[in-house]
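Please consult the sequence and the structure shown here alongside the text.

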Amino acid sequence: MSTEVKTGAAAEAVGRAPDRDGFGPWFSRAVLRNGPLGGLIALVVVMAALSRDFLNGQNLLNVGVQASVTAILAFGVTFVIVSAGIDLSVGSVAALSATVVAWAATNEGLPVWMAVLLGLAVGAAAGLVSGALVAYGKLPAFIATLAMLSVGRGLALVISGGSPIPFPGSVSALGDTLGGWLPVPVLVMIAMGLIAALVLARTYAGRAMFAIGGNEEAARLSGINVKRRKLAIYALSGVFAAVAGIVLAARLTSAQPQAATGYELDAIAAVVIGGASLSGGSGKASGTLIGALILAVLRNGLNLLSVSAFWQQVATGLVIAVAVLLDTLRRRSAR
């Protein structure tokens, strides 16, 4: 009888052991599940400790402004990556859309609202072309969007003649501040983030994206028209790129055909740092926003510390590598 009691007590003690001594595994799980947010908090703490100017209110608003264009681009790219695709064209599409808005309103005299709608339509059309090449032309997404990257940038240069075009004053207000302190680009970023979150979490289109990214053949067999969905996904990415281009041009007060060069890589990096998997099937708008903020905080802090732009590139690359490594570990842990 006493032996049974001892055995039961021992088993109970063993069962309780992980709760007392399992801080390491618990901490690892917490980091893997909440890595992006934890990384952002840690980065803010480090930058605040290294620079007294970092937590200045105006500087924090600057961080938001710096993150805004990347975040808006990244929200659109999130749709593509969730569906196991990639979009390298968003930077060029952003520049093309902004150039079309400025050209239509300034050079052709179209009403500003009509010029803006035309710019958004150009972004959607560029996305539709990329989606058609992927869905119907069977081109790898990397190749299709790489081609659109070149086409978009070339068309922006052709339309503008290679020179900046003044942006309409009413649209340039998107680059201003409200009340002298609240940047409008941050408000646009938040609005586009809410739209992206709503699409991903509350619509059939969002569920279809996750299904296609998880298993495209299973999605097709379950009744999802995969080809049409891909068209819509890339068109959405194009529209978000157009919005980002308009916000960027508003900040610069001119549409520059060479603007947003390299932004597509920042957008993809923000999505990956935010916890989305490049293999598809996972991703959140909130994670993408955190990823964009991490990039902005890192660059802002390094600028305050007078770190060379060359070393900033190195630091950004290391952050991306760590984010992908954490994603790999998270998926292994889930399995």
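Predicted model: local features only at pLDDT ≥ 70, side-chain atom pairs only at ≥ 80, totals over all residues.

## Setting of T145

T145 belongs to helix α7, which covers residues 141–160. Its relative accessibility is 0%, and T145 therefore counts as buried, since the cut-off for buried residues is under 20% relative accessible area.

Leaving aside neighbours within four places in sequence, the residues in contact with T145 are I86, D87, L88, S89, S130 and Y234. For L88, a specific atom pair can be given: a polar atom of the T145 side chain lies 3.2 Å from the backbone nitrogen of L88.

## The cavity

How many cavities of 30 Å³ or more does the structure hold? There is one. The largest cavity has a volume of about 40 Å³.

## Lining of the cavity

The residues that line the largest cavity are A94, A95, A98, G245, L248, A249, L252, S254, A255, Q256, A259 and A260. At least two lining residues come from each of α5 (90–107), α12 (226–252) and β4 (254–255). Of the contributing elements, α12 gives the most, with four residues.

Which classes of residue make up this lining? Nine of the lining residues are nonpolar and three are polar, while no charged residues are present.

Notes:
Residues numbered from 1 in each chain as written. Heavy atoms only, no water. Buried < 20%, exposed > 50% of the residue type's maximum accessible area, 1.4 Å probe, protein only. Polar contact = N/O pair within 3.5 Å; in protein donor to acceptor, adjacent residues only side chain to side chain. Contact = heavy atoms within 4.5 Å. 1 Å grid on protein atoms, 1.4 Å probe; cavity = no way out; pocket = protein on both sides within 12 Å on 5 of 7 lines; lining within 4 Å. Points joined across faces, edges and corners; volume = space filled by probe spheres on them. Nonpolar A, V, L, I, M, F, W, Y, C, P; charged D, E, K, R; others polar.
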